[in-house]
Amino acid sequence: MAFRNLETLESWLAEYRALGKPKADAARVMVQDGDGGANTGLVFFRLGHAPTGVFIQPVTQDASDWVATLEPREENLVLDAQELLELAGELAAVSELCAFLEAKSQAYRGIDIA
């Protein structure tokens, strides 16, 4: 699908950043080729309060629904109350970005989400 190409995703991410969304600068578009060299649409969000990142991508190649996948971890992550609150804020930002990309994908495909 054309909305998964690098240029479109970068423009959507620029639009998201222009909205002044929290933590928007932690996201970037990554090059990922699918079957037959197809663009698959992959956005990476680096968490600042956990030594891991989150990949945001469409559920399947033909879907306009997006999901977030946290990178696996080998060690326990121990956080105090403040650090946990800060991580929760980052995860809320990931959720908002995921919803934004899903809405943009649905609009691109002409799906009425109202």
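H1 is followed by Gly20, whose phi is positive, near 75 degrees. The model described here is predicted.

**Helix H1**

H1 covers residues 6-18. How far apart are its end C-alpha atoms? They are 18 Å apart. That agrees with expectation, because 13 residues at 1.5 Å a residue should span 18 Å.

The helix has a buried side. Thr8, Leu9, Trp12, Leu13 and Tyr16 are buried in H1. These residues cover an arc of only 135 degrees around the axis, so they sit on the same side of H1. Glu7 and Ala18 are exposed on the other side of the helix.

What covers the buried residues of H1? The cover includes S1, S2, H2 and strand S4, which is made of residues 66-70.

Lys23 is not a glycine, yet its phi is positive, at about 65 degrees. Is Lys23 buried, exposed or partly exposed? Lys23 is partly exposed, with a relative accessible area of 39%.

Lys21 also lies in the loop between H1 and S1. Its side chain takes part in a salt bridge, described next.

**Salt bridges**

How many salt bridges does a search of the whole structure find? The search finds 3.

| Pair | Distance, N to O | Relative accessible area |
|---|---|---|
| Glu15 and Lys104 | 2.9 Å | Glu15 34%, Lys104 22% |
| Arg17 and Asp25 | 3.5 Å | Arg17 31%, Asp25 68% |
| Lys21 and Glu96 | 2.7 Å | Lys21 28%, Glu96 32% |

Take the pair of Glu15 and Lys104, whose side chains meet in a salt bridge. Glu15 lies in helix H1 and Lys104 in helix H2 (residues 81-109), so this pair ties together parts that are 89 residues apart in sequence. Glu15 is partly exposed. Lys104 is partly exposed as well.

Next comes the pair of Lys21 and Glu96, whose side chains also meet in a salt bridge. Lys21 is in the loop and Glu96 is in helix H2, so the pair ties together parts that are 75 residues apart in sequence. Lys21 counts as partly exposed, and Glu96 does too.

Arg17 forms its salt bridge with Asp25. Arg17 is partly exposed, whereas Asp25 counts as exposed because its relative accessibility is 68%, and exposed means over 50%.

**The nonpolar core**

The largest nonpolar core has 21 residues. Which of them have the most contacts inside it? They are Val43, Phe45, Leu47, Ile56, Trp66, Leu97 and Leu101. Several elements give two or more residues to this core: H1, S1, strand S2 (42-46), strand S3 (53-58) and H2. H2 gives the most, with 7 residues.

Leaving aside neighbours within four places in sequence, Leu101 is in contact with Trp12, Val43, Ile56 and Trp66. Of these, Trp12 is one of the buried residues of H1. Val43, Ile56 and Trp66 are, like Leu101, among the core residues with the most contacts.

**Drawing it together**

Technical notes
Residues numbered from 1 in each chain as written. Predicted model: local features only at pLDDT ≥ 70, side-chain atom pairs only at ≥ 80, totals over all residues. Heavy atoms only, no water. Helix = DSSP H or I, 4+ residues; strand = E, 2+ residues; numbered from the N terminus. Buried < 20%, exposed > 50% of the residue type's maximum accessible area, 1.4 Å probe, protein only. Salt bridge = Lys/Arg side-chain N within 4 Å of Asp/Glu carboxyl O. Core = buried A, V, L, I, M, F, W, Y, C linked by side-chain atoms within 4.5 Å. Contact = heavy atoms within 4.5 Å. Expected span 1.5 Å × (residues − 1). Arc of directions from axis to C-beta.
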